[in-house]
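Look over the sequence and the fold below. Then follow the text from one residue out to the whole chain.

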Amino acid sequence: MASEDRGCCDKCAKLFIMMINIVIVIVGGAILAAGIYWQLSPTGFYKEVFNHNIFNVPIISIVIGSLLLLVGLCGFIGACCEAMFLLKAYMGFLIVIMLMEIVVAVGCVAMKSSVESYATTRTQELIGYYGDEDKDEADIIKETIDLIQENFDCCGVDGPNDWSSLNADFKDQTNGDIVPNSCCKEANRDDDTCGSKADYRTNDEINSGGCKTSMMNFVENNMLYVGIVAGVIVILQIAILIMASKFRTTIEDESYENF
């Protein structure tokens, strides 16, 4: 049976595999590029936040990006050129990735407290670097912390007192212990002196809650959506595996007929 005589199902399987792997290649390339950028960037933010004994994000990003590129290319070229060994390798990669996802999910649950403790410690260190031109030459730390505090309506890791205890620039100023303007409530952010007009203990224009609690509440409130996304990804992976298996079987049958 020639390839042009294949049924609609086989043609759709080939097209589906090719299209989905173009997306995988693009995503993999983006993750790889980001990982390389983070690893090579001289900016203090990336060096301080993303380097960790267990979770070294730049290296993990490079590994994941490279793996996705390899898998995507195997799938695309295997389907496009109908190369049996590439399709078999592609299916093997898919199975390994699904097993790795299970391991990662279990690891995240098991190491939740360790990751939470690390994130807290790192964020406290970043507060100490806020405004430090040597550690934050591109103002990335400042902009990131400001963005988090403004979006989550919070101040500091555990509360406003983190600023004066972790960063000398906010302690014992003219008006007492102060905080950045990003700590201010949304209605008061247009006032450039909001965070420094009074000691944080008496300043009712700032958010009193810490970002740790706010972010954990956000994650817990959105676990349903995380579960839905995870479910869709698993279903998509199973569909790809079925399509690849069907297409591989079709090629094998054609080779036997031609033989």
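In which helix does Thr250 lie? Thr250 belongs to helix α9, which covers residues 223-258. Helices here are DSSP runs of H or I with at least four residues, strands are runs of E with at least two, and both are numbered from the N terminus. This is a predicted model, in which local features need pLDDT of at least 70, side-chain atom pairs count only at pLDDT 80 or more, and totals for chains, interfaces and linings use all residues. Residues are numbered from 1 along each chain as its sequence is written, and side-chain values use heavy atoms, with hydrogens and water left out.

Thr250 has 5% relative accessibility, so Thr250 counts as buried. Buried means under 20% relative accessible area, exposed means over 50%, and partly exposed is in between (1.4 Å probe, protein chains only). Asp10 sits 240 residues away from Thr250 along the chain, yet their C-alpha atoms are separated by 7.4 Å.

Now turn to helix α1. This helix spans residues 8-40 and contains Ile22. Ile22 is partly exposed, because its relative accessible area is 36%.

Next, the whole chain. The chain has nine helices and zero strands. Of its 259 residues, 34% are buried. Take the contacts (heavy atoms within 4.5 Å). Among those with a separation of 6 or more, 63% link residues 24 or more positions apart. The chain exposes about 14,800 Å², and carbon and sulfur atoms supply 65% of that area. Accessible areas come from the Shrake-Rupley method with a 1.4 Å probe; for residues, only the protein chains shown count as cover.
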